Structures are given as C-alpha cells and as structure tokens.
Amino acid sequence: MTALIGSTVLAFISTNIDYLLILIIIFAKYKNKHDDKLIFIGELLGSGTLIVVSLIVAFWLKMIPEEWILGFLGIIPIVMGIKMYFGDEDEGNEVREKLGKPQRSIILSVIMITIATCGPDNLAIYVPFFTTLNTGDIPIVLGLFFIFLCMITWLSKMITNLPKIQVFFERFGDLITLLVYVFLGIYILLESGTIQHFI
C-alpha cells in the first residue's frame with residue numbers, strides 16, 4: 001500500500017508541477033470568487049478526461065502477455081522529462097494567449113487549456129503508470145488523484161497572491177519536473193520487471 005501511495009504521489013506530482021503554474025495564471029486572470037468553482041469544475045473535467053483516456057489505453061496494453069515488455073513504457077516519461085527540460089516551450093505564454101481570446105465559458109476554457117497543455121505529458125505518464133496497477137488499486141489511485149486535485153487547486157489559488165513562491169516555481173519547476181519524471185520512469189521499469197529481465 002505504501003508503494004502504491006508513493007508511486008501515485010510521484011505520478012501526480014510529475015504531471016502537475018507545470019499545471020500548478022497554469023492554474024496560477026488562470027486564477028490570476030479570473031479573480032471573482034464565483035469563478036473559483038467554475039475553474040475547479042473545468043479542471044476536474046479536463047483532468048478526468050485525460051485520466052479516463054489513459055485508463056482505456058492502459059487496459060488494452062495490459063492484454064500484452066509479458067509484463068516486462070510493458071515496462072518499456074517507463075522510457076516515455078524519462079524522455080519526456082529530458083525533452084521538456086531542454087526544450088524551449090513556455091506553457092505559461094501559451095495559456096496567457098488562450099485566456100486572452102474570447103471563450104464561451106470559464107469551464108470550457110479551463111477544460112481546453114488542461115487538455116491542450118497537459119494532454120501529452122499526462123498520457124505519457126499515466127498510461128505506463130496505470131499498466132502497473134491491479135484492478136483493486138485503481139479506485140485507490142483515482143481517490144488519491146481527486147484529493148490531490150483539490151489540494152493543487154487550493155494551493156494555486158493561494159500562490160496567486162504570493163509572488164516569491166511563484167518566482168520559485170518559475171525558476172526551479174522545470175528541474176523538479178525532470179527529476180520526478182526520471183524517477184517515475186525508473187520506477188515503472190523496475191515495477192514491471194523490465195530491468196530485472198535483462199540482469
């Protein structure tokens with residue numbers, strides 16, 4: 001159980017360090033208290049969509065008979081982390097541009113931003129991670145994800161009013177993301193027995 005909780009925390013953190021900054025930008029844009037609830041709904045729907053898609057893909061991949069073959073999926077987060085760290089992409093600017101355009105509703109805006117900015121990263125992490133889970137683990141992981149989403153929403157709202165913490169994430173967020181991605185990738189390779197298969 002401890003290993004499951006630890007790996008779930010790692011999976012969530014690795015996909016949500018950047019998302020924390022995105023939420024800060026969104027909260028800074030919509031400062032009305034009534035909008036907070038709409039942002040949270042949009043966040044849940046956007047993240048929920050990515051989680052459901054990841055679960056479906058992981059379910060089909062688990063049809064592969066040899067579990068150690070699935071472990072190669074652990075290479076994906078490692079590569080993604082390195083690519084993101086050394087890449088030029090600035091998700092913050094992308095979000096600001098999208099928020100500057102007229103949108104039909106705050107909920108729809110947050111859903112679109114969540115899927116567009118987090119989609120590739122989340123799928124790259126969640127699909128390999130979900131393939132390591134047993135059926136009984138899934139409700140626990142989904143419950144933890146919901147709790148963590150509530151926490152990150154509250155945290156991003158608080159950080160909106162704390163410029164020094166925002167600067168810290170802007171400076172070191174990429175490095176933290178890289179380290180977590182690499183550790184999670186290694187965990188998936190070990191959990192699936194891929195590394196042990198070649199030793």
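**View A. Helices α1 and α2 run roughly antiparallel to each other (angle over 145 degrees; under 35 degrees counts as roughly parallel, 65 to 115 as roughly perpendicular, and the rest as oblique).** This is a predicted model, in which local features need pLDDT of at least 70 and side-chain atom pairs count only at pLDDT 80 or more, while totals for chains, interfaces and linings use all residues. Residues are numbered from 1 along each chain as its sequence is written, and side-chain values use heavy atoms, with hydrogens and water left out. Helix α1 covers residues 2–29, and its axis comes within 11 Å of that of α2, crossing at roughly 150 degrees. Helices (H or I, at least four residues) and strands (E, at least two) are DSSP runs, numbered from the N terminus. Axes are lines fitted to C-alpha atoms, for helices over the stretch in contact, with angles from 0 to 180 degrees between N-to-C directions. The crossing of α1 past α2 is right-handed (near helix turned clockwise from the far one by less than a right angle; anticlockwise is left-handed). From α1, Tyr19, Leu23, Ile26 and Phe27 meet Asp36, Ile39, Glu43 and Ser47 of α2 (contact: heavy atoms within 4.5 Å).

**View B. Asp36 and Lys157 form a salt bridge.** The N to O distance is 3.6 Å (salt bridge: a side-chain nitrogen of Lys or Arg within 4 Å of a carboxyl oxygen of Asp or Glu). Asp36 lies in α2 (residues 33–61) and Lys157 in α7 (residues 137–159), so the pair links distant parts of the chain, 121 residues apart. By this rule, the count is 1 salt bridge. Lys157 is partly exposed, at 21% relative accessible area (buried is under 20%, exposed over 50%, partly exposed in between; 1.4 Å probe, protein chains only). Asp36 is among the buried residues of α2.

**View C. Helix α2 packs across α7 in a right-handed crossing.** Their axes come within 11 Å and cross at roughly 145 degrees. On the α2 side, the contacts include Phe40, Leu44, Ile51 and Leu55. On the α7 side, they include Leu142, Phe145, Leu149 and Lys157. Buried residues of α2 include Gly42, Gly46, Leu50 and Ser54. In α7, Phe145, Phe148, Leu149 and Ile152 are among those buried. The 29 residues of α2 should span 42 Å at 1.5 Å a residue, and the end C-alpha atoms are 43 Å apart, in agreement (expected span: 1.5 Å times one less than the number of residues).

**View D. Helices α1 and α7 pack with their axes 9 Å apart.** The angle is about 30 degrees. That makes α1 roughly parallel to α7. Their crossing is right-handed.

**View E. Thr114 sits in helix α6 (residues 106–131).** Thr114 is buried, at 1% relative accessibility. Beyond neighbours within four places in sequence, Thr114 contacts Tyr19, Glu43, Gly46, Ser47, Leu50 and Gly119. Leu45 is 69 residues away in sequence, yet 9.0 Å from Thr114, C-alpha to C-alpha.

**View F. Leu184 belongs to helix α8 (residues 163–191).** Relative accessibility is 0%, so Leu184 counts as buried. Setting aside neighbours within four places in sequence, Leu184 touches Ser7, Leu10, Ala11, Ser14 and Ile125. The C-alpha atoms of Leu184 and Ile75 are 9.5 Å apart, across a sequence separation of 109 residues.
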